[in-house]
Amino acid sequence: MTEVMPSETRLGFTLNGQEVTTTATTGDRLSETLRERLGARDVKIGCNAGDCGACTVLLDGAPVCACLTPVHQVSGRSVETLAGVYSNDPIAQALAERFQDHGAAQCGICTPGMMVSAVALLRKETAPTEAAVRDALGGVLCRCTGYRKIIDAVMARPAPLTAEGDHVGARIRRVDGLDKVSGAEVFSDDLAATGMLEVLVIRSPHPRAAFQFRDLDNWAATTEGVVAVLTAADVPGRNVFGVIPQFVDQPVFAEKETRFRGEAVAAVVAEPAVIKRLAQSDFPVVWEALPAVTDIRQAQDSGAAILHEGRAQNVMCGGFVTCGDAQEALARAYVTVEGRFNSGFVEHAYIEPEAGYARMVGDRVEIFAGTQAPMMDRDSLEIILGLDGSKIRIVPTGIGGGFGSKLDLSVQPYLALATMKTGQPVRLTYSRTESMQSTTKRHPSDIQLRIGADAEGKICGFDFFGEFDTGAYASWGPTVANRVPVHASGPYQITDYRAESKGIHTNNPPAGAFRGFGVPQSAIAQESLFDRLAEKLGMDPLEFRILNALENNVQTVCGQVFAQGVGIRKCLESLRPAWARERMQAEAFNNAWDTRKRGVGIAAGWYGCGNTSLPNPSTIKAGLKKDGTVVLHQGAADIGQGANTVIAQIFATALGVPTKGIVLIGPDTDVTPDAGKTSASRQTYVSGAAARLSGLALRAQIVQRMNVADDAVLRLDGGSVVARDSGGRHLLDLAALEAGEDGFVFTAEETYDPPTKPLDSNGQGVPYAQFGFAAHLVVVEVDTRLGTVKPQKFVAAHDVGQAINPLLVEGQVQGGIAQGLGMALMEEYIPGRTENLHDYLIPTIGDVPPIETLIIEEPDARGPYGAKGLGEHVLIPTAPAILNAIYAATGARICQVPATPDKVRAAIKALEK
Amino acid sequence: MVRSALKSCLNGLAVDMCRCLHIIRMQTIERLGPLPYHRPTDLASALRLAALPDRKVIAGGTDVFPAAAQGQRFETMLDVTAVAEFSKIEISDSEIRIGAAVRWMDLIRADLPAAFDGLKQAARQIGSVQIQNSATLAGNLCNASPAADGVPPLLTLGASVEVASAAGGMRQIRIEDFIQGVRKTALQPDEIMTAIVMPVPPAGAGASFEKLGSRSYLVISIAMVSAVIATDAAGVITYARIAVGACSAVAQRLSGLEQACIGEKPGSVDVTADHLVELAPIDDVRGSAIYRHEAVAELCKRAIIGAAG
């Protein structure tokens, strides 16, 4: 018998215990069918190629990638998704509790894949080993957590949450975690209805190309299902966007010539079935490849084509900081070291590709998409669409990771233009390759650095020159250029300092914001050379750093003096026990092994929280309703890092009511004030400070109204506030009060802007109101014959001022380390060659070893309850610590990341000669 | 048993073939939407459908879907996973036979001689559990990637593939002859693979697989080596099969090294450049040619020791 299925066929299977039937077409993937025909949007599509595992479902109990499963193969079988196992299986329900207890879901986009894979394991083994967990989850990538909390949750390791109270300092579950573990969270691609018009962006196949359209009108008219074609001619406002006003240079659609591979030239709006069948080559455009500059040396040659008028030699801009006299100090230094260090493009590789949908509501455009900067999106669209901001609404959805790249526009202008042109709702989801080709990257770097030290081991002269490939457009390149010279010193006392940076345009993808804004690159150079200096001086590398550590009341290289809050010495000192212990153990290991060698490395870092010498206020609004509900307009985009929880904890502490029960309203630009962008590790500090002021202001109104003492204990009891002070118990009936237009009987809206001052021509000034500090220790094992490097353990000390929520602090630390590990050992984006998650490698659950987090709390006078930012700090010391550990293990100095096995082996081989 | 099924299906072919082609012709004329998806449940039907023009065979889908570009229209698909005979692993006195729809996870769970341990180690390192649950051994061979993890261990087991067509009947081809180049096999347009067949390995032979990649899980190998080794009572190598992948367009057995192993103890085998003449590694994003050459020598030593252990 043969089962001949016509091109469209009906088939039935069991989905989460229910019989379903669906229409299947040849080539349909199970993932697509589940999401688009059967409404199972809890199945996430991250790569559509089996490389990320986000779409994992259970087929007859066995985990498979739904994106690789022909839907025809599930006929008559059982399919389970996260929502199904969460509803039906007590194992999944218990796991969901543990995921929340451990903070094992950050952004949550990988969580469905992780959890169903774990459920399959736990159904067979009730107490799996860590190795079994790694094997079971090795096929699901996570970019946020660093995997350790996921392992803890699956293995049911203890989760010591704070038993009483949920204010600042309490280790509590994230307030928005339940939807992430039950499959209910709505991400960027989860809101659009099936059947909606879709957009396909037409992109340049060449790094630089001239192009000409054929007859677009005729093509659109004669291609069935095509509703509209968009090009630069369809941009009603200005065809340009960017994030830094002086450097707005990127067109929505290239005109005449493209500047990087993957740049948009047009977009097709059509029925979904048409989009599905539309190849890039079907679009009527003729390309002419032009000579491209793809490295920064070539780009600065006098003969190189200039990408942007007015930017001579393709130099976008530079940054400069100097104090004392670096050359004179180096001349008199007892020892000097120098080196040149290189890094390549690093891809953010969030598991959720950019997506969204847009619709017209009257004469207003509404855009639903994941973003790190809703108000900036609106401001940019004002210019592109030629519309007043009041006509644009940005509604951020759940977001499956950002790490800096989702600060920039991606799908938004195409969605807005398409819905405005057609009048219909439209949908756009980037493919993985499209996401990787067209969105920003970490800047490749080429850094030359020379550092001296005196005979006592104090730094004596520091001369830094770094060039950064900013790609075809500026994006956040100027920020990188500015930040690097300020931070290149590391958290140390350096009196004779010179640091210069340049951002260079090439025909590469735009480099923009990525966790650390250039500082991870400069830290590789500085922290590697610090190890060499210590060695030359015959000093212990840790003690050398402690000797030079920045202190309170000592000038930074920008001439800034902090009277308090400088916690780097404490971070470094906290590593002393591990440093002694781990080095002894490594030595014992190395005595026993021939071709496997272990080494221990350390590195430190610092990072200024918030914009560099620019205003960056956050506003937080809150109110109390008649029914006693406290509403917090939480405008800080939570991209998985936990702003919803941290800001709520700070606000609740200030108001004096429990965090639990506060109702959050997100950063919808129509209803929530601007809490700024989620970048520069500023939300805990800046939006947190605004939330504290808002909580205090709301409390002051209530206390005043009730005429009770300032320190009265407040309690919300249904529709009334109960206050208890030395005068006894007081009651306020909220129902009796008059509510304003928001429905609030009390409301507060407060703004905080960190106090900074501009930098002068020597980079002297007050760039940041606070810095956070970090020091990492890592043990690596190197297979000296193969050059493979396997980190064994991290100890990470972070001065966070005050841990608002230690669980989330650990989550940031572990996730940042995983990204730093990837940058150090495996990640390099090469246009045209690593444009997918198959060839572009990020760490898997098998690559991240145990991480011990040492939370250092040196309070900052400006931070809310002393808190400092944390997100970017983590990634900064990781890579240099790993490189230093490779040296300790093998004697090989690696100056170029990623330190892939071939590079490490070549360096070891060079020593053998 | 499988072969007799094959013969019976060949006999009854002519009539069915017409019916089938008729369906296809209609689809082609309509040119609306994609072409049909066939999921035969018996060998005879599978072979009949294999004769259809421009059909794409699909099993686990782990290579077919990732290769699909935006806008790609799928050809007529021939899903071979429901053919009952294809899902079997059969062990007889003379051979071990792995059906064309056997998935890597089926292999991991199968009770097989120790000489298959290298193949099983490779299976556990192919992609992820998700991939192992879907992908088939046969698909790994038909895809003919130079970095296919399944090929070196199958070479060390002396495997052949059994392919069949309605018109040409069945033939067996050694893997060395089946995989002809990058993405190129000896499959004729009307043929499909029906099984992978291996002789019973020498008694007491052990096996190993050494994979070199830049991360754990979900990683394309920079290089990999598989070995099947038997030793005598004194621990001296009496039988050696060693194969290397990702260091040439098609994975290669290292015959010189195999011969050099005989009479040596596993730990004392020296791998020289002469032993690697079959290889022609290239530079790519995963590693340089020089590095591959050097790493392979080390992997060979480890694989020999591991297989003998």
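Tutor: Throughout this discussion, two strands are said to pair if DSSP finds at least two bridges between them. The model examined here is a predicted one.

Student: Which residue is the bridge partner of A:A355 in β18(A)?
Tutor: Strand β15 (residues 355–361) of chain A runs antiparallel to strand β18 (residues 426–429) of chain A, and four bridges join the two. Within β18(A), the bridge partner of A:A355 is A:T429.

Student: In the open sheet of seven strands in chain A, which are the edge strands?
Tutor: The strands of this open sheet follow the order β9-β11-β7-β18-β15-β16-β17 in chain A, with mixed pairing. An edge strand here is one that pairs on one side only, and in chain A this description belongs to β9 (226–230) and β17 (392–396).

Student: What is the average twist from one strand to the next in this sheet?
Tutor: The value belongs to the sheet with the order β9-β11-β7-β18-β15-β16-β17 in chain A. From one strand to the next, its twist averages 25°.

Student: What angle does the direction of helix α12 of chain A make with that of β17(A)?
Tutor: Helix α12 (residues 374–385) of chain A packs on this sheet, where it touches β16 (364–369) and β17 of chain A. The direction of helix α12 makes with that of β17(A) an angle of about 145°.

Student: And helix α13 of chain A: what angle does its direction make with that of β15(A)?
Tutor: Helix α13 (residues 412–422) of chain A also packs on the sheet, and the strands of chain A that it touches are β7 (197–203), β9, β11 (264–270), β15, β16 and β18. Its direction makes with that of β15(A) an angle of about 35°.

Student: Why is one side of β25 and one side of β29 of chain A left without a neighbour in their sheet?
Tutor: These strands belong to an open sheet of four strands in chain A, whose order is β25-β24-β23-β29 and whose pairing is mixed. β25 (663–665) and β29 (744–752) of chain A stand at the edges, so one side of each has no neighbour in the sheet, the reason being that each has a single partner strand.

Student: Which residue of β12(A) stands opposite A:F211, and how many residues of strand β12 of chain A are buried?
Tutor: Strand β8 (residues 209–213) of chain A pairs with β12(A) in the antiparallel sense over five bridges, and A:F211 stands opposite A:W287 in β12(A). Strand β12 (residues 285–289) of chain A lies largely in the open, because the number of its five residues that are buried is zero.

Student: Is B:L154 buried or exposed?
Tutor: B:L154 has its place in helix α8 (residues 151–156) of chain B, and, leaving aside neighbours within four places in sequence, its contacts are B:L119, B:A159, B:I175 and B:I196. A residue needs 20 or more other C-beta atoms within 10 Å to count as buried. B:L154 has 27 other C-beta atoms within 10 Å, and therefore it is buried.

Student: How many residues of chain B are in contact with chain A?
Tutor: On the chain A side, 56 residues take part in the contact. Their partners in chain B number 50.

Student: What is the radius of gyration of chain A?
Tutor: Chain A has 24 helices and 33 strands. For its 913 residues the globule rule gives 29 Å, and the radius of gyration is close to this, so chain A is as compact as a globular protein of that length, with a value of 28 Å.

Definitions and conventions. Residues numbered from 1 in each chain as written. Chains lettered and ligands numbered in written order. Predicted model: local features only at pLDDT ≥ 70, side-chain atom pairs only at ≥ 80, totals over all residues. Contact = placed C-beta atoms within 7 Å. Axes fitted to C-alpha atoms, helices over the stretch in contact; angles between N-to-C directions. Rg over C-alpha atoms; globule rule 2.2 N^0.38 Å. Buried ≥ 20, exposed ≤ 12 C-beta atoms within 10 Å, placed from the backbone.
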